[in-house]
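Biologist: I am new to this structure. Please take me through how to read its features, one at a time.

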Amino acid sequence: MTLVLHAMQRSANCYKVRLLLAHLGLPFVLKDVDILRGDTRTPTFLAMNPLGRVPVVQLGATTVLVESNAILMYLGEGTDFVPYDKVERAVMMQWLFFEQNAHHPSIGEARFWMSLVPGGRELKRDLIDDWMERAEAALSRMETQLATTPYIAGHRLTLADLALYANTHLAHEADLDLALFPAVRDWTGRIAALPGHVGMDWRPAPLQAAGAP
Ligand SMILES: N[C@@H](CCC(=O)N[C@@H](CS)C(=O)NCC(=O)O)C(=O)O
C-alpha cells in the first residue's frame, strides 16, 4: 500500500516529512488536515493518533507512525541522510532532540501563534516574550555550530538539517531576524539550493487510484 501522509501544509513538523519524501523521490498520498478547523479532534483522527497531532503516516491498514522525527528516521534509515558511523548518527540525533526540545517549542510555537492562528498574538501575549528569548538562544546555539561546519551535525547533510530547516527558514514569521545569525541564514540558503529541495507549498502530484488508466 502507498504511504499516506496526514499533514497540514503550513506546519513545519509536516513540511519536514514532505521535504524528505521529495528528496528521496518516494511516492505518497497527501491527506490534508486542518488543525484550526478541529480535524485532529475527530474520532477517526484520534483513532490514528490519540495525541491529536500531525504529521501522521499510515504504512498499511494497521501500521501508523507519529512524531515527525521518528517518521524521518523510518524514511531516512539506509539513505545518505542518516550517517552510518555510530558517533555521527548520535550527533545527528542530538540535533533532532534539540529541534524537538528547544527549537520547535520556541520558534515553532511563536510562529504558529503569531502567524497562523488568527488573533494568536493577543491570545498568547503572556508567553511570547519567553518564546522569543528561548528562540534567540536556540538560533545562537545553531549559529555557533554553523560557523564551524557547513551542516548542523558536521560536514555532511543529515536528517537534522531538514528537521531544523523547516521552522528556521520561516523565523521571520515569528518576528525573528536571521540577519542577526549570518551562519544560520547562509545554511538556510545552502539547504534551499540542494537538488531535490521543495518549498513548504509543494505538494506531490495526485497518485492515480489503483487500476485507473
Ligand atoms: N512532537 C510532535 C509535535 C507534533 C505537533 O505539535 N503538531 C502540531 C502541528 S505542528 C499539531 O498537530 N497540533 C495540533 C494540536 O496540538 O492540537 C512531532 O514532531 O510530530
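**Reading the ligand site and the backbone**

Modeller: A polar side-chain atom of Ser68 is 2.6 Å from an oxygen atom of the ligand. Taken alone, the ligand exposes 510 Å², of which the protein buries 81%. Keep in mind that this is a predicted model.

Biologist: Which residue has a side-chain N or O atom 2.7 Å from a nitrogen atom of the ligand?

Modeller: That residue is Glu67. Val54 also takes part, with a backbone N or O atom 2.8 Å from a nitrogen atom of the ligand.

Biologist: Where does the ligand sit, and which residues are around the ligand?

Modeller: The ligand sits in the largest pocket. The residues around it include Ser11, Asn13, Ile35, Arg41, Pro55 and Gln100. By class, this shell has three nonpolar, five polar and three charged residues.

Biologist: How do I read the backbone here?

Modeller: Start with the general idea: most residues other than glycine have a negative phi, and most peptide bonds are trans. In this structure, Glu67 has a positive phi of about 75°, although it is not a glycine. Glu67 belongs to the loop between strand S4 (64–66) and helix H3 (68–76).

Biologist: What kind of peptide bond joins Val54 and Pro55?

Modeller: The bond is cis, with omega about 5°. Pro55 lies in the loop between helix H2 (43–48) and strand S3 (56–58).

Biologist: How many aromatic pairs does the structure hold, and how is such a pair read?

Modeller: A pair of aromatic rings is described by the distance of the centres and the angle of the planes. The structure holds five aromatic pairs. One of them is formed by Tyr15 and Tyr165, with 6.4 Å centre to centre and 50° between the planes, and it is tilted.

Biologist: Where in the chain are Tyr15 and Tyr165?

Modeller: Tyr15 is in helix H1 (residues 12–24) and Tyr165 in helix H7 (residues 159–168). They are 150 residues apart, and the pair links distant parts of the chain.

Key: Residues numbered from 1 in each chain as written. Predicted model: local features only at pLDDT ≥ 70, side-chain atom pairs only at ≥ 80, totals over all residues. Heavy atoms only, no water. Near = heavy atom within 4 Å. Polar contact = N/O pair within 3.5 Å; in protein donor to acceptor, adjacent residues only side chain to side chain. Areas by Shrake-Rupley, 256 points an atom, 1.4 Å probe, with all protein chains shown as cover. 1 Å grid on protein atoms, 1.4 Å probe; cavity = no way out; pocket = protein on both sides within 12 Å on 5 of 7 lines; lining within 4 Å. Sits in = over half its atoms within 2 Å of the grid points. Nonpolar A, V, L, I, M, F, W, Y, C, P; charged D, E, K, R; others polar. Phe/Tyr/Trp six-rings, centres within 6.5 Å; stacked < 30°, edge-to-face > 60°. Helix = DSSP H or I, 4+ residues; strand = E, 2+ residues; numbered from the N terminus.
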